[in-house]
Amino acid sequence: MSRRRIGFWYRLAAVIAKPPLVVLFKRDWRGMEHIPAHEGFITAVNHNSHIDPLSYAHFQYNTGRVPRFLAKDGLFKDGFVGRVMKGTGQIPVYRETTNALDAFRAAVAAIERGECVAFYPEGTLTRDPDMWPMTAKSGAARVALETKCPVIPVAQWGANLALPPYSKKPSLFPRKTLQVKAGAPVDLSRFYDKEPTPEVLREATEAIMAAITELLEEIRGEKAPDVPYDPRRARLEQRRKAEARKAQLSTAQGTPPGTPQDTPQSTPQNTSEDSK
């Protein structure tokens, strides 16, 4: 496969990152034949560890088609990390600013140049208790429908065993196996002639996430939940339960829910001359 777009900075990053990955982890890589040789494309990857971008990037680098990650803009500031992020062609994401659409435009432009753009559709580490992919954002689907490029689903497992989600304590020994599996392109052609409404984007996103989840089921040898974990729904449920507990406590104390409790007030002292 062509290595024409790897460049100096990506090779430097590989020189730094690959040796510890090779020493500390075993590898089980499958599905490299699904990575396009020349055209622009998207990879959509599940996210279950702070170090799984290294696992996936190692896999992708060895195909000869390096990924351009969408990453938070703070990583592009001054310093060595910022130089590497810019030099390797990563794409900054400016959240909740007037520049928020720049990442979308940059991703489309990169694909039109024949690059690979890597999306973590969940937008953050999974919050599913069993580390299955959760509901996702529509960014990957939006770019895919705009460019009509191939979308390659990628599932990974193993980095989360070395560093679980939201943990700061790695467990490197015994050596963990980094499993990465790429699948056949997700067929989104049924959406190409439709207006990219929220409903269409939701259905396209669900198709992408279903393909990732199916690959992860094959890696883990387990069945994923029928309904993906939805963090927004979980937050609403937690809030509902908290309000129910508060109402029960108020009832037990004999105070109607929502009624402010009376607070004892001190009796003002009489300081007039008549009291003396």
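**Ground rules**

I call a residue buried when its relative accessible area is under 20%, exposed when it is over 50%, and partly exposed in between (1.4 Å probe, protein chains only). The model I am looking at is predicted, so I take local features only at pLDDT of at least 70 and side-chain atom pairs only at pLDDT 80 or more, while totals for chains, interfaces and linings use all residues. Residues are numbered from 1 along each chain as its sequence is written, and side-chain values use heavy atoms, with hydrogens and water left out.

**Entry 1: confidence**

I checked pLDDT, the predictor's confidence in each residue on a scale from 0 to 100. The chain averages 90, and 89% of the residues score at least 70. Over residues 266-276 the value is below 50, and this stretch has 1 contact in the model beyond near neighbours in sequence; contact means heavy atoms within 4.5 Å. Where pLDDT is low, the predicted coordinates should not be read in detail.

**Entry 2: strand β6**

My helices (H or I, at least four residues) and strands (E, at least two) are DSSP runs, numbered from the N terminus. I looked up β6, residues 151-157, and found 7 of its 7 residues buried, so the strand is largely enclosed by the rest of the structure. In a regular strand the side chains alternate between the two faces of the sheet. Here V151, P153, A155 and W157 are buried on one side, and I152, V154 and Q156 are buried on the other.

Next I asked which strands join β6. I count two strands as paired if DSSP finds at least two bridges between them. Strand β2 (residues 41-45) runs parallel to β6 and is joined to it by 4 bridges; T43 stands opposite I152. Strand β7 (residues 176-182) runs antiparallel to β6, also with 4 bridges, and there K181 is the bridge partner of A155.

**Entry 3: salt bridges**

For a salt bridge I need a side-chain nitrogen of Lys or Arg within 4 Å of a carboxyl oxygen of Asp or Glu. The whole structure gives 11 of them.

One pairs E115 with R68, with the closest N and O atoms 3.3 Å apart. E115 sits in the loop between α4 (102-112) and β5 (116-119) and R68 in strand β3 (residues 67-72), so the pair ties together parts that are 47 residues apart in sequence. Both E115 and R68 are buried.

Another joins R202 to E199, closest N and O atoms 2.4 Å apart. Both lie in helix α7 (residues 198-220), 3 residues apart, about one turn of the helix. R202 counts as partly exposed at 37% relative accessibility, and E199 is partly exposed at 38%. E199, R202 and E206 are linked in a network of salt bridges.

I also noted K223 and D226, whose side chains meet at 3.8 Å, N to O. K223 and D226 are both exposed.

**Entry 4: helix α5**

How do α5 (residues 139-147) and α7 pack? Their axes are 8 Å apart, at an angle of about 105°. I use axes fitted to C-alpha atoms, for helices over the stretch in contact, with angles from 0 to 180 degrees between N-to-C directions. The two helices are therefore roughly perpendicular; that label covers 65 to 115 degrees, with under 35 roughly parallel, over 145 roughly antiparallel and the rest oblique. A140, A141, R142 and L145 of α5 make the contact with V200, L201, A204, T205 and I208 of α7.

The buried residues of α5 are A140, A141, V143, A144 and L145, and they pack against β2, α4, β5, β6 and α7. Just after α5, I noted that K148 takes a positive phi of about 55°.
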